[in-house]
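Here is a short briefing on a single protein chain. Please keep the structure in view while reading.

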Amino acid sequence: MASAQPPRTTAPPPPASAAAQQGGAKRKPVFTKVEQLKPVTSGHTLTVKVVSAKTVLQKGRASSQHLRHTRISECLVGDETGSIVFTARNDQVDLMTPGATVILRNAKIDMFKGSMRLAVDKWGRVEVTEPAKFEVKEDNNLSLVEYELVNVEEA
């Protein structure tokens, strides 16, 4: 004898905000332009062209397995609104070839000697993408602007 149970239905999917809180759904990235970057901010997604790349540090010995090989390269990157120095580390150095177009995901602004530097740490990603159509505006280099830390005393 069959029991009289109502038919089973699936629960409606949770709202998008609940799914994002659970880490299930990804937010659509909001692309930022170089000229919009401000000191000590993070979470930027940009599409930039690499203008130049210069190795500034290369250390580590092949003889020792536990020492990591460290490479740092300073790359001038930009879009049609401006340019900025990007600090590429280790594997990122190989991707930053002059003329390449890259997407920087979850990039942050570091301050170095009073000027802005763009960087992508372990929480972000550097992806090479198809060549962009824009020309880099090199005469608006945000890394040439010097900032000064001012302590504001509250009354």
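The largest pocket holds about 470 Å³ of space. A pocket here is an open set of points on a 1 Å grid over the protein atoms alone, where a 1.4 Å probe fits, with protein on both sides within 12 Å along at least five of seven lines. Grid points are joined across faces, edges and corners, and the volume is the space filled by probe spheres set on the points.

This is a predicted model: local features need pLDDT of at least 70, side-chain atom pairs count only at pLDDT 80 or more, and totals for chains, interfaces and linings use all residues. Residues are numbered from 1 along each chain as its sequence is written, and side-chain values use heavy atoms, with hydrogens and water left out.

- Twelve residues line the largest pocket; the closest to its centre are Arg27, Pro29, Thr45, Arg105 and Asn106. Lining residues have an atom within 4 Å of a grid point.
- β1 (42–59) and β4 (101–112) are the elements that give two or more residues to this lining.

**Overall build**
- The chain has two helices and six strands, in the order α-β-β-β-α-β-β-β from the N terminus. Helices (H or I, at least four residues) and strands (E, at least two) are DSSP runs, numbered from the N terminus.
- Of the 155 residues, 33% are buried (under 20% relative accessible area, 1.4 Å probe, protein chains only).
- Contacts are heavy atoms within 4.5 Å. Among those between residues at least 6 apart in sequence, 61% join residues at least 24 apart.
- The chain exposes about 11300 Å², with carbon and sulfur atoms supplying 52% of it (Shrake-Rupley method, 1.4 Å probe).

**Strand β3 and its partners**
- Seven of the eight residues of β3 (residues 82–89) are buried, so the strand is largely enclosed by the rest of the structure.
- β2 and β3 run antiparallel, joined by eight bridges; a hairpin links them through two residues. Strands pair if DSSP finds at least two bridges between them.
- Cysteine 75 has phenylalanine 86 in β3 as its bridge partner.
- On the β5 (residues 115–119) side, β3 pairs in the parallel sense over three bridges. Threonine 87 has alanine 119 in β5 as its bridge partner.

**Arginine 71**
- Arginine 71 lies in β2 (residues 70–79) and is buried, at 18% relative accessible area.
- Its side chain makes a polar contact of 3.0 Å with that of aspartate 94. Such a contact is a pair of N or O atoms within 3.5 Å, one able to donate a hydrogen and the other to accept it; residues adjacent in sequence count only if both atoms are side-chain atoms.
- Beyond four places away in sequence, arginine 71 touches residues including Leu57, Gln58, Ala88 and Val93.

Notes. Buried < 20%, exposed > 50% of the residue type's maximum accessible area, 1.4 Å probe, protein only.
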